[in-house]
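Please look over the model below before reading on.

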Amino acid sequence: MATKSNLSAVLRKVDDLCLEERPIPEPGKGEVQIAMHAVGICGSDVHYWKKGRIGDFILTAPMVLGHESSGIVSALGEGVTDLKVGDRVAIEPGVGCRICSFCKEGRYNLCPEMKFAATPPYDGSLCRYYVHAADFCYKLPDHVSLEEGALLEPLSVAVHACRRAGISIGSNVLVCGAGPIGLVNLMTAKACGASKVAITDLDEGRLNKAKELGADYIIKVDPGKDSRALAKEVVNSLGLADQSIECTGAESSFHTAIHATKSGGTLVVVGMGKAVVQFPIVDALVREVDIRGIFRYVNCYPTALALIASGAVNVKPLMTHHFKLEQSLDAFETSRTGAGGAIKVVIHCNEGYQI
């Protein structure tokens, strides 16, 4: 190694994000050590920084942040044969127990023993060196950049959401929210064959970005209007949605999505807001609108990689701001505020480091 540094971005407690040196981890059986390259900042990282918890996941000890990541394999653990030192990989950050019924049924995202990077108590990958299960690392084709590899994580959320929604050729789709997750859902819905996609948001800049990325209709949310009025705007443009994907977590947006979805259609809820919300259940029931949740993703990384590698989805326009690992605090503040039209902020961990 060219260095012994493992500089890491550590969240000690709420509002206390710092850089500190940590030991370089060695890979165990079935694991690889990775010289980290790119890490995208997720809304959940910012939420832990400012709130210290997401639902029942509560920060009780210092934790390295970051889980949207890629890097270069720098050492192999015992038994690893599918990867070699020097391979460029995207890292799927959640590893199940492999033996429970959920893991065996192929729904490992629901594993009660899931170890997910940057979710308490497990450290994330915003550091120089990281160790991960080899079979949850995906080798990148030469023409796919490490930065694109890091964005396989949010793209996998969209793949899972669009699968759960049942989007297919000819679908009319409503996406609520034009943040990073809403935008990858827009692009994935299009890649699935959706003929028309409408997207809503409060922010005109993000709506303009959605238009650039292929949205057929952009609808600016007026906070003064009720959810039925906004749903009527959606229907006047798109028609009733066959499938809706709610990405904001806002209760009012959830209501809009229900009202704008056709009878017999499907609403997938991606955004996590308040733990308990009110919603028009009778309207959903009498029209048989299926309401489905998603939790992260499962078996989606290969599909997300194929979408990027084939050119069906282009995530490059989402990456608006870039920072060095040493600038992590500035990067997080940019992500939190959206300063300068920030959509996806990427931190580069390897400045001056080579294998």
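1. Six strands form an open sheet in the order β15-β14-β13-β16-β17-β18, with parallel pairing (strands are DSSP runs of E of at least two residues, numbered from the N terminus; two strands pair if DSSP finds at least two bridges between them). At the edges are β15 (217–220) and β18 (290–293), each pairing on one side only. On average, neighbouring strands of this sheet are turned by 15° against each other, direction ignored.

2. This is a predicted model, in which local features need pLDDT of at least 70, side-chain atom pairs count only at pLDDT 80 or more, and totals for chains, interfaces and linings use all residues. Residues are numbered from 1 along each chain as its sequence is written, and side-chain values use heavy atoms, with hydrogens and water left out.

3. Four bridges join β14 (residues 196–201) to β15 in the parallel sense. D201 has K220 in β15 as its bridge partner.

4. Helix α7 (residues 227–238) lies across β13 (172–176), β14, β15 and β16 (241–246), and runs at about 160° to β15 (helices are DSSP runs of H or I of at least four residues; axes are lines fitted to C-alpha atoms, for helices over the stretch in contact, and angles run from 0 to 180 degrees between N-to-C directions). Helix α8 (residues 251–260) also packs on the sheet, touching β13, β16, β17 (261–269) and β18 (contact means heavy atoms within 4.5 Å). The direction of α8 makes about 150° with that of β17.
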